[in-house]
Amino acid sequence: KLKQVETGGQTKASVVYGYIDGIVDPQLLQEFQNRIARIKDKEILEVSYVEEWLEDETYSPFPQFRVTERPDTAVAAMLSGKIIVLVQGTGTILLCPGLFVEFFQSSEDYYERTIISTALRFLRILAVGIALTLPGIYIALISYHHELIPTNLLLAIIDSREGIPFPSVVEALIMMFFFELLREAGVRLPKPVGSAVSIVGALVIGEAAINAGIASPIMVVIVALTGIASFAIPQYKIAISFRILQFPLMLMTAVLGIFGLMIGLIWIALHLTKLRVLGQPYFDPFAPLRPKGMADVLFRAPLKRPIRNTTPF
């Protein structure tokens with residue numbers, strides 16, 4: 001079913017939402033319809049405007065809806081009980097709700113064989129851990145927990161940091177800031193120029209920082225690995241959330257060491273378990289725990305064994 005909502009203001013934009021009757025959860029649909037009614041007198045220019053009116057937690061760092069430009073992804077979402085939203089004049093589709101585990105799934109998972117797609121999913125999970133915690137782990141090991149580093153590696157790190165005027169946390173914050181600045185500049189530039197500027201700029205600044213004694217070679221490696229890991233996350237909306245969370249985790253680690261990192265990760269886990277999207281648990285199927293719902297989360301279930309109420313990309 002497709003239903004149209006006429007918005008007010010000067011734009012008079014048409015908003016259409018669609019779902020498959022008999023598959024969508026009636027409670028989810030009712031909650032969605034109650035919230036979509038709020039936009040009738042609002043100016044809607046793009047689908048992200050609708051997203052902000054629908055979301056539960058405006059100030060949460062985590063996205064609560066997925067967006068796509070692919071028809072196959074939108075159809076697969078409706079087949080798994082989702083609601084899609086389209087806005088007149090824009091080519092982006094909003095998928096409601098977007099649960100945490102769905103941001104690590106890609107449409108390409110279902111165009112490859114099961115074992116290959118499963119291996120790629122585990123690679124993405126590893127990339128999330130690297131992107132979120134690697135700078136904090138480095139700061140904790142260098143500042144507080146030298147005994148956890150093998151002796152030869154510790155001597156190499158000490159030798160590379162000789163003459164660096166900043167503590168490890170300041171060094172990491174400076175390098176991460178400039179890396180994020182280069183990445184944002186590359187997005188704003190034209191595509192042929194943007195990719196070249198971001199890559200060449202990172203190489204030039206990294207080499208210049210080492211020669212100037214501002215950063216150590218190991219820190220450049222840590223920053224580069226963190227950036228590469230964040231690129232492996234398939235959904236940009238969740239990847240930028242992890243990029244933002246790196247910085248408070250680094251500060252907490254600088255104060256309390258590895259215990260600060262653990263406190264930060266526990267806070268993130270508590271926030272994820274508490275967050276709800278259109279009345280649905282955001283961290284489902286991990287909280288509340290539903291073992292049957294995990295069949296197509298960590299592993300890519302074979303298409304020969306279709307599983308109801310899971311989200312194929």
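At what angle do helix α4 and α6 pack, and how far apart are their axes?

Modeller: This is a predicted model, in which local features need pLDDT of at least 70, side-chain atom pairs count only at pLDDT 80 or more, and totals for chains, interfaces and linings use all residues. Residues are numbered from 1 along each chain as its sequence is written, and side-chain values use heavy atoms, with hydrogens and water left out.

Helix α4 (residues 114-143) packs with α6 at an angle of about 155°, and their axes are 9 Å apart. The two are therefore roughly antiparallel (angles over 145 degrees count as such). The crossing of α4 past α6 is right-handed (the near helix is turned clockwise from the far one by less than a right angle). P135, Y138, I139, I142 and S143 of α4 make the contact with S168, V169, A172 and M176 of α6 (contact means heavy atoms within 4.5 Å).

Helix α6 has 21 residues, 168-188, which should span 30 Å at 1.5 Å a residue, and its end C-alpha atoms are 30 Å apart, in agreement (the expected span is 1.5 Å times one less than the number of residues). Its buried residues include S168, V169, A172, M176 and F179 (buried means under 20% relative accessible area, with a 1.4 Å probe and protein chains only). Seen down the axis of α6, the buried residues fall within an arc of 160°, so they line one face of the helix (the arc is that of the directions from the helix axis to the C-beta atoms).

Back in α4 is T118. T118 counts as buried because its relative accessibility is 11%. Apart from neighbours within four places in sequence, T118 is in contact with L298, F299 and R300.

Terms used: Helices (H or I, at least four residues) and strands (E, at least two) are DSSP runs, numbered from the N terminus. Buried means under 20% relative accessible area, exposed over 50%, partly exposed in between (1.4 Å probe, protein chains only). Axes are lines fitted to C-alpha atoms, for helices over the stretch in contact, and angles run from 0 to 180 degrees between N-to-C directions. Angles under 35 degrees count as roughly parallel, over 145 as roughly antiparallel, 65 to 115 as roughly perpendicular and the rest as oblique.
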